[in-house]
Amino acid sequence: MKDNKKTEEVERLKSTVMGHIEHDVGRDPVYAGTFDHYLGLSYALRDKLMEKWVKTQRSYYKNDAKRVYYLSLEFLIGRTLGNTMVNLGVEDECTKVMESLGHRMESVREAEWDAGLGNGGLGRLAACFLDSMATLGVPSYGYGIRYEYGIFYQRIKNGCQIESPDNWLRYGSPWEIIRPNHLFPVQFSGRVNQYTDSNGVWRNEWVDTEEVMAMACDTPIPGYRNDNVINMRLWVAKATRAFDLSFFNSGNYIQAVEEKEKSECISKVLYPADHIMEGRLLRLKQQYFFVSATFQDIMRRYEKDGAPFDNLPKKVAVQLNDTHPAIAIPEFMRILLDLEGVPWEKAWEISVATFAYTNHTVMPEALEKWPVSMFESLLPRHLQIIYEINRRFLDDVWKRFSGDFEKIRNMSLIEEGHEKMIRMANLAIVGSHSINGVSALHTKILKDQLFRDFYEMYPERFNNKTNGITQRRWLKKANPNLSNFISEKIGEGWITNLDELKKLAPLTRDKNFRKRWMEVKRENKKRLAAYIQSRNNIAVDVDSMFDVQIKRLHEYKRQLLNVLHIITMYNRILCGKGADIAPRTVIFAGKAAPAYWMAKLIIKLTHSVADVVNNNKEVGNKLKVVFLSNYNVSLAEKIIPAADLSEQISTAGTEASGTGNMKLSLNGALTIGTLDGANVEIMEEVGKENIFIFGHTADENIKIKGSGYNPYDYYEKNHELKTVLDMIGGGYFSPEHKDLFKPIVDSLLYQDTYMLLADYESYISCQEEVGKLYKDRDKWAKKSILNVANMGKFSSDRTIREYAKEIWGIEV
């Protein structure tokens, strides 16, 4: 009976897929190709999602639920088909349908383009949070921008990064629902008209503005097998009219079209170049564009029942994912003050109770600031409101810390100087009832250093919410070999309760279990090795240690330190010390920002080192270096299950949290890392004996720099380090351009902002311990199992439960 039901479901799904191919894709199913079948299957699953979405939305109204609005400039969701199949529990049925139609499921999934809606950890965290909110049943929405082009498509030519447009929407997306009925005007520029109304009340009116329309595009996000589907609503910019008829009728057709294009470019590209004024202006426009549209939507929904504004924080919680959406605070105040006539004091009370702010950086230079002059021309009313917020706030600071002019300067929303700047992080802190860091160490740094003055002012507002990842995406979907093996042994409870992985710990005593564990890892490595061969034409040894560093290219993440280790290993092998070295394949992936010259030079160095190492017959399979281009979610899903070693080597005190460390540990990789970000908590969970920690701590780094750090001293005292740097600077890896990498060496010797030379010796020593352990595969297997077994804390389900209970006031 059960088998018959399954057969009926498969046939029903097959019929629906073929119907969509014929009616929506417009193809004869007999001649349809792989991409057509991807579209047909996606539309069929979207049908299921929308049925559940309608029920979910109705339940919000029926239960008069408090709703969470998660505002983020990025949602790095990757591909949607595989995740949807997992969360709907229809993987087997979909696979059978595709096979019956003559297509491999893997090929169908590969036909989908990664959504270009994010760049790095910030956007991937937001995507994990949506998955957890849907799975936990939190009434919630994600709001952002539907970028037509992603950050960029990365190609490597002669070892150099080449950027080209990431046109991920070239063929459209079957997952999104366009909502032309949800179209809101967004204002820019203009002036503020001030007057006294008929009741003698002082009014501000923003007039003579330019307008752009924001149209909603929805993507349904399913929870795991719970019939709950939430909404990711992204805004696309549309011109207020198709084009200006006055231009068209006078024969100036080009200008007519140009005016339309200018309006719609707001949602064209993720992160326009901000090293030029035009790029910065566009980025500020993007931030206000999505915030304005979002709050019009929030207010539309809230005002349906005519509820009083006093009650709004009981029904609405707005989470700001970093400072990018912080302009929402003066925008909400503008709505309450100017449009709804709420007095300042009451409006501010409502606003602060509504907003919560998540900080994602510990580096002052990364905190967002905008020129006052830019606000003056683009958002004049918001500048007035920010000035008034600042005036009232500094009055309170003065009452609390009378005479402390240093505090006044540090805490002001306006940074004085040659050009006045608006400090968006300060605005977010002053305007939110909750400020959270994303790891215990990060939050401590916020309290003790970065925002110390604000913590003294508002200690009750600061809290920690250590980041997490969704195990549905990063273990069940990304690593079916391991997840199926785990479920065979301990059941499937871990999929919604990651603490269930603790049941794996006793199995470390089972020799057969350990052996099978390593066999599963080897199967994943074979798959990645085949991919490397096809993409990079490099043959790698699947029995070598797969040493992985995959993340955005930035000097503080210290990919360069990894390269220094590679060259050190290379030198040791050539000096006859290679017999005791465990064979390694070092795998890099990551993009450098287009204007980040030093990061791009490090990519070039990595490739130049790889060319030398990989082509040296004496080195052979003892050491290989691979750089996989165009890093994205789908590539991460290929690399992470195959990783043996996870490189989390940022300078202690610079990484807010990191989530790549969690994904790799969850898939059985051992970590080599500093005591930075969430590495500290991973060490606490898995045990010091099951992780490789090296380098100076955050406090030690402060002391070293405070006492006058001289990187040249380390260079002179360590022969191996000196040799490595001399090779780089002397043209060993760039014989045709001997000075090519000299800027890297000069930066290390005379500045070394991120203290690579201070940590080099400790890192090399720690890597030696890693190599020794890897030679004993049985011991390695035990530690790998214990890493996975102790990852329960790092589920985004736990993180969202904490947000819901402690910040949003929602029980889940």
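Which are the buried residues of helix 20 (residues 480-490)? In this predicted model, they are Leu-482, Ser-483, Phe-485, Ile-486, Ser-487 and Ile-490. Several elements cover them, including helix 19 (471-477), helix 21 (511-536), helix 25 (660-666) and helix 32 (777-789). After helix 20 comes Gly-491, with a positive phi near 85°.

**Helix 3**

Helix 3 spans residues 81-88. Eight of its eight residues are buried, so helix 3 is largely enclosed by the rest of the structure. These residues are Leu-81, Gly-82, Asn-83, Thr-84, Met-85, Val-86, Asn-87 and Leu-88. They pack against four helices listed here by number: helix 2 (34-62), helix 4 (91-100), helix 5 (105-110) and helix 6 (121-136). They also pack against strand 8 and helix 19. Helix 19 is likewise among the elements that cover the buried residues of helix 20. Just after helix 3, the phi of Gly-89 is positive, about 75°.

Nine strands form an open sheet in the order 5-8-9-2-1-10-11-15-16. The pairing is mixed. Strand 5 (177-188) and strand 16 (462-464) are the edge strands, and each pairs on one side only. From one strand to the next, the twist averages 25°.

Strand 9 (residues 229-238) pairs with strand 8 (residues 210-222) in the antiparallel sense, over 10 bridges. Within this pair, Ala-216 has Trp-235 in strand 9 as its bridge partner. The hairpin of strand 8 and strand 9 has six residues between the strands. There, Arg-225 takes a positive phi near 50°.

Strand 9 also pairs with strand 2 (residues 140-145). These two run parallel and are joined by five bridges. Gly-144 stands opposite Leu-234 in strand 9. How many of the 10 residues of strand 9 are buried? The count is nine, and the strand is mostly covered.

Two helices that pack on a sheet here both touch strand 10 and strand 11. Helix 11 (residues 328-339) touches strand 1 (67-71), strand 5, strand 10 (316-321) and strand 11 (355-358). The direction of helix 11 makes about 170° with that of strand 11. Helix 12 (residues 344-354) touches strand 10 and strand 11. Its direction makes about 45° with that of strand 11.

Another open sheet has three strands in the order 12-14-13, with antiparallel pairing. Strand 12 (369-371) and strand 13 (414-415) are its edges, each pairing on one side only. Strand 13 and strand 14 (residues 421-423) run antiparallel and are joined by two bridges. Glu-415 stands opposite Met-421 in strand 14. Helix 9 packs on this sheet, touching strand 12 and strand 14. The direction of helix 9 makes about 115° with that of strand 12.

| Helix 11 | Strand 11 | about 170° |

Is Pro-308 buried or exposed? Its relative accessible area is 52%, so Pro-308 is exposed. Pro-308 and Lys-55 lie 253 residues apart in sequence. In space they are 27 Å apart, C-alpha to C-alpha.

**Helix 29 and helix 30**

Helix 29 (residues 719-729) packs with helix 30 (residues 742-750) at an angle of about 145°. Their axes are 8 Å apart. The crossing is left-handed. From helix 29, the contact uses Leu-725, Ile-728 and Gly-729. From helix 30, it uses Lys-742, Val-745, Leu-748 and Leu-749. By class, the contact has five nonpolar residues, one polar and one charged.

**Cysteines**

How many disulfides does the model have? The count is zero. Cys-94 is buried, with a relative accessible area of 0%. Cys-766 is buried too, at 9%.

Key. Residues numbered from 1 in each chain as written. Predicted model: local features only at pLDDT ≥ 70, side-chain atom pairs only at ≥ 80, totals over all residues. Heavy atoms only, no water. Buried < 20%, exposed > 50% of the residue type's maximum accessible area, 1.4 Å probe, protein only. Contact = heavy atoms within 4.5 Å. Pairing = 2+ DSSP bridges. Axes fitted to C-alpha atoms, helices over the stretch in contact; angles between N-to-C directions. Disulfide = S-S within 2.5 Å. Left-handed = near helix turned anticlockwise from the far one by under 90°. Nonpolar A, V, L, I, M, F, W, Y, C, P; charged D, E, K, R; others polar.
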